[in-house]
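Here is a friendly set of notes to read with the model open beside you. Take the points one at a time, and find each residue before moving on.

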Amino acid sequence: MTSAVARRDASRTAAYRVAAMLLGVGTLHFVAPKPFDTIVPAELPGSARLYTYASGVAEITVGALLVPRRTRRSAALAAAVLFVGVFPANVNMVRLWWDKPWPMRIAALARLPLQIPMVAIALKIRRDS
């Protein structure tokens, strides 16, 4: 197997994994929206539920578009933008959970640096697609 084929296969596998994650989390935005509502920054105009549903639609759409090869490159860039776009909610979660028990604080804090590899993986999928 050539290096280019191996890279493309690895990229496809990564795209499928990111797609599965986005489809699952995006679906949760509709099935159980309340936890997502609570981390929407209050400074944003409008209802938190609107942002919850909008981000759910974005996650499901991007996840679905990562699956077909012909839309994967654009969808991977959209995934990177999406991961950056939800970062303020993760920062807000840390702020809101700062007085919670340590395990919850650690979980909220751990989400912040996880955005970096998620963006990097999305950009790698784009590059190798």
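1. Let's begin with a charge above a ring. Arg-105 lies over the face of Trp-98, at 5.6 Å from the ring centre. To count as sitting over a ring, NZ of Lys or CZ of Arg must be within 6 Å of the ring centre and within 35 degrees of the ring normal. Arg-105 also has its charged end over the ring of Trp-102, 4.1 Å from the centre of that ring.

2. A word on what you are looking at: this is a predicted model, in which local features need pLDDT of at least 70 and side-chain atom pairs count only at pLDDT 80 or more, while totals for chains, interfaces and linings use all residues. Residues are numbered from 1 along each chain as its sequence is written, and side-chain values use heavy atoms, with hydrogens and water left out.

3. Now for the salt bridges. Side chains of opposite charge can pair when their charged atoms come close. Here a salt bridge is a side-chain nitrogen of Lys or Arg within 4 Å of a carboxyl oxygen of Asp or Glu. How many salt bridges does the structure hold? There are five.

4. One of them joins Asp-128 to Arg-7, with the closest N and O atoms 3.9 Å apart. Asp-128 lies in helix H6 (residues 102–128) and Arg-7 in helix H1 (residues 3–31), so this pair ties together parts that are 121 residues apart in sequence. Helices (H or I, at least four residues) are DSSP runs, numbered from the N terminus.

5. Are these two partners buried or exposed? Buried means under 20% relative accessible area, exposed means over 50%, and partly exposed is in between (1.4 Å probe, protein chains only). Asp-128 is buried at 14%, whereas Arg-7, at 40%, is partly exposed.

6. Asp-128 has another partner to look for. Its side chain meets that of Lys-124 in a salt bridge of 2.8 Å, N to O. Asp-128 and Lys-124 are four residues apart in helix H6, so about one helical turn separates them. Lys-124 is partly exposed, with a relative accessible area of 40%. Through shared partners, salt bridges join Arg-7, Lys-124 and Asp-128 into one network.

7. Asp-9 pairs with Arg-12, the closest N and O atoms being 3.5 Å apart. These two residues are three apart in helix H1, about one turn of the helix. Asp-9 is partly exposed at 23%, and Arg-12 is partly exposed at 34%.

8. Next, the aromatic rings. A search of the whole structure finds one aromatic pair. The rings of Phe-30 and Tyr-53 have centres 5.1 Å apart and planes at 5 degrees, so they are stacked. The rule is that rings of Phe, Tyr and Trp (its six-membered ring) pair if their centres lie within 6.5 Å; planes under 30 degrees apart count as stacked, over 60 as edge-to-face and the rest as tilted. Phe-30 lies in helix H1 and Tyr-53 in helix H3, so the pair ties together parts 23 residues apart in sequence.

9. Asn-90 lies in helix H5 (residues 87–97) and is buried, with a relative accessible area of 2%. Which residues does Asn-90 touch, not counting residues up to four places away in sequence? They are Arg-111, Leu-112 and Gln-115, where contact means heavy atoms within 4.5 Å.
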